[in-house]
Amino acid sequence: MSSSTAAHGSSPLTDAGPLSLTAREPHVPADRLVAEMVPPPRFDSVRFATYIPDANQPSQTEAVQALEGFAAGLGGAHATGAGKRGFFGFGRSRAPRTPAGPRGVYLDGGYGVGKTHLLASLWHATPAEPALKAFGTFVELTNMVGALGFQQTVQTLSNHRLLCIDEFELDDPGDTVLVSTLLGRLVEAGVALAATSNTLPGKLGEGRFAAADFLREIQGLSAHFRALRIDGEDYRHRGLPEAPAPFTDEQVTKAAYATADASLDDFPHLLEHLAKVHPSRYGALTDGLGAVCLTGVTPVPDQSTALRLVVLADRLYDREVPVLASGLPFDRLFSEEMLNGGYRKKYFRAISRLTALARDAKGLVVS
């Protein structure tokens, strides 16, 4: 029951109705895009010490140790001025020149092995003010370029100590070239880089992403990255219970009325609405939500809709917003053709994340 309901002693069903995602049409100013280049709320408190390596995967422990050393090497003055320092022990001269050796790290691993946890931990561990560090997904970075323009984005990020890019989109050649060019300019300015990526279309093997693909796609930047391999299975599946079965429409509706700041939407209508909102605004679309309640979950009808849902799932997961739903279970959202296609990694990630959020929502159901 919401706090307001308890305070007035009324039935939750007599209070004002829940919010609606389909009624929201957020507009995000450019300065917000810059200010929000920080780890998402889900990763506010993560640190290297809170990452629990799988005892059967020594590469996870090795990656933590390497990243701790990388972060320690980012102390001191900005690399464009006196006191520049190299990374991984290279270029410790105080001369105002570009240090030798890798200028960045690439976390190479399958989905669910904790790459984002480690990337956010690196951001937190880097000895610099938050305004001198940037963290965002590949999509958020391309949205920034679209909002600010290429030159302004270079100027905005050039004084940063570190830029972390999560889920580098190797399946979009045009944007990959754009961002690779941007990163080249930032490397010249002395900005350290760290990245994770998704897989290329057609790379259907399970497990780790191919570092060779990433390094090839970023073209001339490959020499600036050291690849850190992180093996392992999706941590969200380690010893956790199966996803709860969907609830009834009535249960979902009651929970929406009884939960503070919950939204309530018909799933097919929500999918239609997502087509009218640019994915760069999906974060703003979820602002202030305590839970998302969905009725009538059905299979996603086409790939364009599916990819928009993936972005929404990522934003909800980042913000730890529970998702309560009726209809089909989330592992039946995407067709076999989608799950066997070039974007399968994205779809499996969305299923995994929505399943985790569905588990979080079980306690919202009114008995």
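**Group meeting: cysteines, confidence and aromatic rings**

Okay, let's start with the cysteines: searching the whole structure turns up zero disulfides. Just as a reminder, a disulfide is a covalent bond between the sulfur atoms of two cysteines. So where do C164 and C293 sit, buried or exposed? C164 comes out at 0% relative accessibility, so it goes down as buried. C293 is buried too, with a relative accessible area of 0%.

Keep in mind that this is a predicted model. How confident is the predictor? The average pLDDT for the protein chain is 81, and 78% of the residues score at least 70. Now, a couple of stretches to watch. Across residues 79-100, pLDDT is below 50, and the model gives that stretch 50 contacts beyond near neighbours in sequence. Then there's 200-209, where pLDDT again stays under 50; for those residues the model has 35 contacts beyond four places in sequence. I'd remind everyone that where pLDDT is low, the predicted coordinates should not be read in detail.

On to the rings. How many aromatic pairs do we get? The count comes to two.

One is F138 with F168. The ring centres are 4.8 Å apart and the planes sit at 55°, so we call that pair tilted. What does the pair tie together? F138 belongs to helix α5, residues 138-148, while F168 belongs to strand β3, residues 162-168, so the pair joins parts that are 30 residues apart in sequence.

Last topic, charges over rings. Which ring does R42 sit over? That would be Y317: the charged end of R42 is 3.7 Å from the ring centre. There's also a lysine to look at, K133, which lies over the face of W123 at 4.2 Å from the ring centre.

So, to recap while you have the model up: zero disulfides, two aromatic pairs, and charges over the rings of Y317 and W123.

Definitions and conventions: Residues numbered from 1 in each chain as written. Predicted model: local features only at pLDDT ≥ 70, side-chain atom pairs only at ≥ 80, totals over all residues. Heavy atoms only, no water. Disulfide = S-S within 2.5 Å. Buried < 20%, exposed > 50% of the residue type's maximum accessible area, 1.4 Å probe, protein only. pLDDT = per-residue confidence, 0-100. Contact = heavy atoms within 4.5 Å. Phe/Tyr/Trp six-rings, centres within 6.5 Å; stacked < 30°, edge-to-face > 60°. Helix = DSSP H or I, 4+ residues; strand = E, 2+ residues; numbered from the N terminus. Lys NZ or Arg CZ within 6 Å of the ring centre and 35° of its normal.
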